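Dear colleague,

I am handing over the model we spoke about, with the sequence and structure shown just below. Please read the notes that follow with the structure open beside them.

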Amino acid sequence: MSNMIYPTTNFKATETLTIERGDGAYVYDNEGNQYLEGLAGLWCTSLGYNNRELIDTAAEQMGKLSYSHMFGGKTHQVGMDLADKLTAMVPVENAKVFFGNSGSDANDSHVKMLRYYFNAIGKPEKFKIIARERSYHGVTVAAASLTGLPPNHTHFSLPFDALGVLRTDAPHYFRGALPGESEAQFVDRIVNNLEQLILKEGADTIAAFIAEPITGASGVIVPPAGYYEKVQAVLNKYDILFWADEVITGFGRTGNDFGCTTVGIEKPALMTLAKQLSSAYMPISASVIRGDMYEAMIEPSSQVGVFGHGYTYSGHPVAAAVSLKTLEIYERDNIFGHAAKVGEYMQKRLGEFRDHPLVGEVRGAGMIGAVEMVSDKKTGAGFEGGAVGYFAMQACQNHGMITRAVAGNSLAFCPPLIVSEAQIDEMVEKLGKALDETLDF
Ligand code: PLP
């Protein structure tokens, strides 16, 4: 064992796999074994590994300007170019962007910008944020508090109340519906719960509603039809901002440019981006806000002297250069179009597991999906704990494929966007073997 404190790991577990290098959609361990990357790392290596253009871009930028900060009016061209390119892509009106290093810190930046904005327009009491159960927004103090997964809360004594975190239902029909409830009835019930929550707390105290258009780490939850339309109607009625956390769904992952497009979220006021923004070649994140919010923040920043929020690495030039190149490649090589086509094929192939005796539900959109294992196929009853998921994940690994068990016993799939249909076939074949072996668990 090394002296590392591992992230999101059972400290009693031993190190299981040492990854040494990657190429295309594959990674290789220190004994030379090949693995198909079924999860694109942590849902992020969209252009795969060993992409020459991204490597050369990083090396060139390091040689030219390896670091420069953005405090107090200093800037650099590649950072400004990335800001302009990115804000032209997103569905946020007159978008402005603040750069950070990770999805978590981007969400924390949003929490602070929301407070700054509502203070600026004379509504300091409007600071609470509605977040959903079974959501994942990261692990910094604010982002973990917004996250709706108990394992990310336990033992951390997070400041939910001070942050004003309110919790509402996940749009998870398979796990959340009442007996005999149709999808439409389920949607009406949980949207009504949302409205009741707003009425109880007072709309004047609520700044925003945060949602991953399609969740990732909490099991790839695809909401039933009509959910977001109704949620947006309620939020508009009470003047509450929509905050789309697109850290996983951004950039072609769900069959469209953004998850918002796939599920019908129109013009979110805030959008969080990271991961595929740079194809994970460099750490970088983006907190995007509506132009009018930024405009309102200008005056107070001059009164106090500064907008007092910024990271040493905000807009890091190497990360910015790599991100800019990533976005150019997405466009030039029609990566989103390719991902939409292969993603459709992936959904079809994963759907074949609906007949497998261990599988209760297959969910997904575009090139993100999950296969949920259940103890009783007829009732959909799940397994206690996460041991089955862990076993199946290890079985995939033994067959040369990396994936992750999420939300206990769902196996998640989110390969690099560049994979071919033949590689989807390879993924499905390995998954089939792993599931058959898990039957004997
Ligand atoms: N938001 C969402 C939707 C995520 O899936 C993640 C990470 O998986 C985060 C935020 C946090 O991002 P990071 O791990 O880069 O801090």
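**The sheet with β14 and β15**

Strands β14 and β15 pair in the antiparallel sense, over three bridges, where strands (E, at least two residues) and helices (H or I, at least four) are DSSP runs numbered from the N terminus, and two strands pair if DSSP finds at least two bridges between them. This is a predicted model, in which local features need pLDDT of at least 70 and side-chain atom pairs count only at pLDDT 80 or more, whereas totals for chains, interfaces and linings use all residues. Residues are numbered from 1 along each chain as its sequence is written.

Within this pairing, Ala-405 stands opposite Leu-411 in β15. The two strands belong to an open sheet of four strands, ordered β11-β12-β15-β14, with antiparallel pairing. Because β11 and β14 have a single partner strand each, they stand at the edges, and one side of each is left without a neighbour in the sheet. On average, neighbouring strands of this sheet are turned by 25 degrees against each other, direction ignored, with axes taken as lines fitted to C-alpha atoms (for helices over the stretch in contact) and angles running from 0 to 180 degrees between N-to-C directions.

Ala-407 is buried, because 23 other C-beta atoms lie within 10 Å; a residue is called buried if 20 or more other C-beta atoms lie within 10 Å of its own, exposed if 12 or fewer, and partly exposed in between, with C-beta atoms placed from the backbone.

**A second open sheet, and the domains**

Another four strands form an open sheet of mixed pairing, in the order β1-β2-β3-β13, and its edge strands are β1 (19-23) and β13 (401-402), each of which pairs on one side only. Inside it, strand β2 (residues 26-29) and strand β3 (residues 34-37) pair in the antiparallel sense over three bridges, with Gln-34 in β3 as the bridge partner of Tyr-28. Helix α15 (residues 421-438) lies across β3 and β13, and runs at about 105 degrees to β3.

The domain assignment, which is automatic or taken from a database, divides the chain into domain 1 (19-51 + 334-438) and domain 2 (55-332). Their C-alpha centres lie 26 Å apart, and the contact takes 28 residues from domain 1 and 25 residues from domain 2, two residues being in contact if their C-beta atoms, placed from the backbone, lie within 7 Å. On the side of domain 1 that touches domain 2, at least two residues each come from α1 (40-43), α13 (335-351), β11 (359-365), β12 (368-373) and β15 (410-413), and α13 gives the most, with five residues.

Which strand is largely enclosed by the rest of the structure? That description applies to β10 (residues 285-289), because five of its five residues are buried. Ser-285, Ser-287 and Ile-289 point one way from the strand, while Ala-286 and Val-288 point the other way. Strand β4 (residues 96-100) pairs with β10 in the antiparallel sense over five bridges, and there Gly-100 stands opposite Ser-285. Strand β9 (residues 270-273) also runs antiparallel to β10, joined to it by four bridges, with Met-271 opposite Val-288.

Helix α11 (residues 291-304) has 14 residues and reaches 21 Å from its first C-alpha to its last, close to the 20 Å expected at 1.5 Å a residue, a span defined as 1.5 Å times one less than the number of residues. A kink of about 25 degrees lies at Ile-298, shortly before the proline Pro-300; the bend at a residue is the angle between axes fitted to the seven residues ending there and the seven starting there. Just after α11, Gly-305 takes a positive phi of about 110 degrees.

**Two loop residues**

Glu-133 lies in the loop between β5 (128-132) and α5 (141-146), and counts as partly exposed because it has 17 C-beta neighbours inside 10 Å. Not counting residues up to four places away in sequence, Glu-133 touches Gly-148, Arg-167, Asp-169 and Ala-170. The C-alpha atoms of Glu-133 and Ala-170 are separated by 5.1 Å, although the two are 37 residues apart along the chain.

Ser-157, in the loop between α5 and α6 (160-163), is not a glycine, yet has a positive phi of about 45 degrees. Ser-157 is exposed, with 7 other C-beta atoms within 10 Å.

With kind regards
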